Amino acid sequence: MHILERVENYVEEIKQKPYIYKIQKQGIEVFKNYIMANCLEMREEAFDKEELNKLILFWLPRNKKYLSEAEIYQVVYTIHDLFNYMHKEDELSTILELYGEEYMRIYKAKNLLQKMTKDPVISVDPIVIDLDKYRARKKKSGYSEIATTYEQALFEVQECKEGGQVILNKPSHNKQYKLLLEYPAYKYLRKGDIIHAVIKRKLFYVYWELEEIRAYYLPQALEFLKLTT
């Protein structure tokens with residue numbers, strides 16, 4: 001059976017339980033969007049664990065930037081319900097242990113870091129924008145600060161020290177970048193995490209600053225990220 005047909009079967013069943021459908025509706029839409037963007041001709045049996053990992057580790061954090069920790073948990077829970085429905089496997093507890101808690105952590109970290117960058121988007125369902133931050137970013141986009149160096153890359157968290165000093169590097173590079181982060185943001189970073197970000201450093205300053213967070217990935221996403229760079 002085509003994978004989207006199987007998803008529709010799942011939806012029809014889950015709609016018999018309105019409360020669960022309400023919780024899972026967003027995750028179902030995320031799953032369908034992924035299939036339509038990447039696996040349109042795929043049959044359900046071809047959606048294996050490798051494809052599942054690609055969706056959760058790479059595509060989801062890259063394309064669903066503005067989700068709360070609770071929302072992302074529900075999305076991951078729904079995706080794995082769908083996976084188990086297609087494959088008749090009972091691995092939900094193991095999968096949620098692997099991705100659920102870690103996903104809440106990386107989204108918590110990302111959301112806290114975004115606040116530090118004055119990101120104007122507060123939420124997307126519905127869309128809510130902080131107008132003061134939006135105007136400030138719009139005004140700033142027309143110029144670059146004098147004597148400031150910018151770097152945009154995938155950075156790997158190399159070390160997190162108590163007090164907020166975080167050391168980043170680029171995978172396969174030797175250059176280090178030192179950030180000084182506020183509490184409690186640095187508490188949620190872990191060695192090996194991958195951050196797609198723009199950072200900047202002013203002349204004569206020791207520490208770099210976060211300018212923009214584009215995505216935040218678990219370490220296991222690196223194999224998929226390498227295929228896109």
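In what order do the elements of the chain run from the N terminus on?

## The overall layout

The elements run α-α-α-α-α-β-β-α-β-β-β-β-β-α, and the chain has seven helices and seven strands. Here helices (H or I, at least four residues) and strands (E, at least two) are DSSP runs, numbered from the N terminus. This is a predicted model, where local features need pLDDT of at least 70 and side-chain atom pairs count only at pLDDT 80 or more, while totals for chains, interfaces and linings use all residues. Residues are numbered from 1 along each chain as its sequence is written, and side-chain values use heavy atoms, with hydrogens and water left out.

Of the chain's 229 residues, 44% count as buried. Buried means under 20% relative accessible area, exposed over 50%, and partly exposed in between (1.4 Å probe, protein chains only). As for contacts, meaning heavy atoms within 4.5 Å, take those between residues at least 6 apart in sequence: 63% of them join residues at least 24 apart.

## Where H2 meets H4

Two packed helices are described by the angle between their axes and the distance between the axes. For helix H2 (residues 18–38) and H4, that's an angle of about 70°, with the axes 8 Å apart. Axes are lines fitted to C-alpha atoms, for helices over the stretch in contact, and angles run from 0 to 180 degrees between N-to-C directions. So H2 is roughly perpendicular to H4, given that angles under 35 degrees count as roughly parallel, over 145 as roughly antiparallel, 65 to 115 as roughly perpendicular and the rest as oblique.

Which residues do the meeting? On the H2 side, they include Ile23, Ile28 and Phe31; on the H4 side, Tyr77, Leu82 and Met86 are among them. By class, the contact of H2 with H4 has nine nonpolar, five polar and two charged residues. (Ala, Val, Leu, Ile, Met, Phe, Trp, Tyr, Cys and Pro count as nonpolar, Asp, Glu, Lys and Arg as charged, and the others, Gly among them, as polar.)

Glu44 sits in the loop between H2 and H3, and at 8% relative accessibility Glu44 counts as buried. Leaving out residues up to four places away in sequence, Glu44 touches Met1, His2, Ile3, Arg6, Met86 and His87. With Arg6 there's also a side-chain polar contact of 2.9 Å. (That's a pair of N or O atoms within 3.5 Å; within protein, one must be able to donate a hydrogen and the other to accept it, and residues adjacent in sequence count only if both atoms are side-chain atoms.)

Ser68 is in the loop between helix H3 (49–63) and helix H4 (69–87). Ser68 counts as partly exposed because its relative accessibility is 28%.

Leu113 belongs to helix H5 (residues 92–116). Is Leu113 buried or exposed? With a relative accessible area of 1%, Leu113 is buried. Beyond its neighbours within four places in sequence, Leu113 is in contact with Leu181, Ala185, Leu189, Ile195, Leu210, Ile213 and Tyr216.

Pro184 is 71 residues from Leu113 in sequence, yet the two are 9.8 Å apart in space, C-alpha to C-alpha. Pro184 lies in the loop between strand S5 (176–180) and strand S6 (194–202), and the peptide bond from Tyr183 to Pro184 is cis, with omega near 5°.

## An exposed loop residue

Phe204 is in the loop between S6 and strand S7 (209–217). At 78% relative accessibility, Phe204 counts as exposed. Phe204 isn't a glycine, but has a positive phi of about 75°.
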